[in-house]
Amino acid sequence: MAAGCHGKQGWKEIIHNEACSIRWPLKRQCQNNAGRAVVFDHVGESRTIPDMNVGLLLLSAGSGSRFGGEVPKQYIAVGGQALLLHTLEHLAAEPRIALVQPVIAAGDSYFASLVAGLSFPFTLLPPVVGGATRAHSMQQGLQALPADIDLVAVHDAARPLPSKRLLGDVIDTAARYGAAVPGLAVHDTIKRVDSDGRVLETPARESLRAVQTPQVARREWFHKALRCEQERLQLHTDDASLLEAAGFDVYVSEGDAANRKITTPADMAWLADRLQQS
Ligand SMILES: Nc1ccn([C@@H]2O[C@H](COP(=O)(O)OP(=O)(O)OP(=O)(O)O)[C@@H](O)[C@H]2O)c(=O)n1
Ligand SMILES: C[C@](O)(CO)[C@H](O)COP(=O)(O)O
């Protein structure tokens, strides 16, 4: 393919406040002479997509309040081993994941003994302690990542079955556009309601996606988004919404029904069945 660019010229600038403004080129895709995609980052430098070094934050600091019970759900044995070990085994299928940074709860007495003596194709870093909400835990993990990481993937420890295909697609999409999440088309009709349950809106189903993890973005985008949204971290139930609120474009790659989050005992029963069948 010939070298060149297409798309709009110019800059998009979003000013949140004095501490937080983001400026990057409007949609502009280019090809270099080798036919490889060249992307522009938000400070306007172009670069060819290299084989990205991905650092994955494994969020495991939740208490599992909807699941209930004494032992946090990610440490419950299912299919012969703790749920979290299934998650680590599946992540090992994607060779671009160079390291995994676990984020655990203060006083966690399970993680260290669970992984002791195990080896993985990625570097498993010592865990850091998370925070009160998912976004606070993500922030703690991000701060602990080594400097040579290009893309950061944030994954729920409670999603044990991310496939190689799903991991590859979401990393490819984030490498190309800067940020991506896996998502599935929704099959039910979705209503938006007020606090009394009165329907406010029926959004067009074709435009809706139920999103999963890993949620992947350029490291600097996550840093900026966290800075911009620092006062509102508790409002964000996923990592992409931090980026969206800060003005970054996020793309959806193809999700997978098997990449289900274990939230309730019914999800765990589904997982036990699934592992037994495989
Ligand atoms: N403060 C928090 C809250 C959640 N998580 C992690 O984020 C993932 C997705 O969250 P969720 O399923 O909600 O887990 P819990 O917070 O444990 O569950 P619940 O909301 O029912 O309490 C889980 O792997 C969980 O351990 C985290 O690292 N830090
Ligand atoms: C990030 C997430 O898994 C995407 O579906 C989800 O939003 C986590 O939400 P939860 O409230 O922590 O279950």
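A: A polar contact here is a pair of N or O atoms within 3.5 Å; within protein, one atom must be able to donate a hydrogen and the other to accept it, and residues adjacent in sequence count only if both atoms are side-chain atoms. The model is predicted, so local features need pLDDT of at least 70 and side-chain atom pairs count only at pLDDT 80 or more, while totals for chains, interfaces and linings use all residues; side-chain values use heavy atoms, without hydrogens and water. Residues are numbered from 1 along each chain as its sequence is written, and chains are lettered from A and ligands numbered from 1 in the order in which they are written.

Ligand 1 comes first. Its shell, meaning residues with a heavy atom within 4 Å of the ligand, has 19 members, and the closest are Leu59, Gly64, Ser65, Arg66 and Ser137. Strand E7 (54-60) and helix H3 (134-144) each supply at least two residues of this shell; helices (H or I, at least four residues) and strands (E, at least two) are DSSP runs numbered from the N terminus. By class, the shell of ligand 1 holds five nonpolar, nine polar and five charged residues. In this division Ala, Val, Leu, Ile, Met, Phe, Trp, Tyr, Cys and Pro are nonpolar, Asp, Glu, Lys and Arg are charged, and the others, Gly among them, are polar.

Oxygen atoms of ligand 1 make polar contacts with both backbone and side chain. One such oxygen is 3.2 Å from a polar backbone atom of Ser63, and another contact places an oxygen of ligand 1 at 3.3 Å from a polar backbone atom of Ala158. A polar side-chain atom of Arg66 lies 2.8 Å from an oxygen atom of ligand 1. On its own, ligand 1 has 560 Å² of accessible area, and the protein covers 89% of this; accessible areas come from the Shrake-Rupley method with a 1.4 Å probe, and for residues only the protein chains shown count as cover. The space that ligand 1 takes is the largest pocket. A pocket is found on a 1 Å grid over the protein atoms alone, as an open set of points where a 1.4 Å probe fits, with protein on both sides within 12 Å along at least five of seven lines. A molecule sits in a pocket if more than half of its atoms lie within 2 Å of the grid points.

Arg66 also belongs to the surroundings of ligand 2, together with Arg134, Asp156, Arg159, Val211, Thr213, Thr237, Asp238 and Lys261. Sorted by class, these are one nonpolar, two polar and six charged residues. The Arg66 side chain has a polar atom 2.7 Å from an oxygen of ligand 2, and a polar backbone atom of Val211 is 2.7 Å from an oxygen of ligand 2. For the side chain of Lys261, a polar atom lies 2.4 Å from an oxygen of ligand 2. Ligand 2 exposes 360 Å² when taken alone, of which the protein buries 74%. The space of ligand 2 is likewise given as the largest pocket.

The side chain of Lys261 joins that of Thr263 in a polar contact of 2.9 Å. Thr263 is placed in the loop between strand E19 (251-254) and helix H7 (265-277). Thr263 counts as buried because its relative accessibility is 12%; buried means under 20% relative accessible area, exposed over 50%, and partly exposed in between, with a 1.4 Å probe and protein chains only. Thr213 is joined to Pro214 by a cis peptide bond, with omega about 10°. Pro214 is found in the loop between strand E17 (209-211) and strand E18 (215-218).

Helix H5 (residues 219-228) has seven of its 10 residues buried, so it is largely enclosed by the rest of the structure. The buried residues of H5 are Arg219, Trp221, Phe222, Lys224, Ala225, Leu226 and Cys228. Ala240 lies in helix H6 (residues 239-245) and is also buried, at 3% relative accessibility. Ala240 and Val154 are 86 residues apart in sequence, with their C-alpha atoms 9.7 Å apart.

Two loop residues complete the account. Asp150 lies in the loop between H3 and strand E13 (151-156) and is partly exposed at 30% relative accessible area. Asp108, in the loop between strand E10 (97-104) and helix H2 (111-115), reaches the backbone nitrogen of Tyr110 with its side chain at 2.6 Å.

How values were computed. On a 1 Å grid over the protein atoms alone, a cavity is a set of points where a 1.4 Å probe fits but cannot get out, and a pocket is an open set with protein on both sides within 12 Å along at least five of seven lines; lining residues have an atom within 4 Å of a point.
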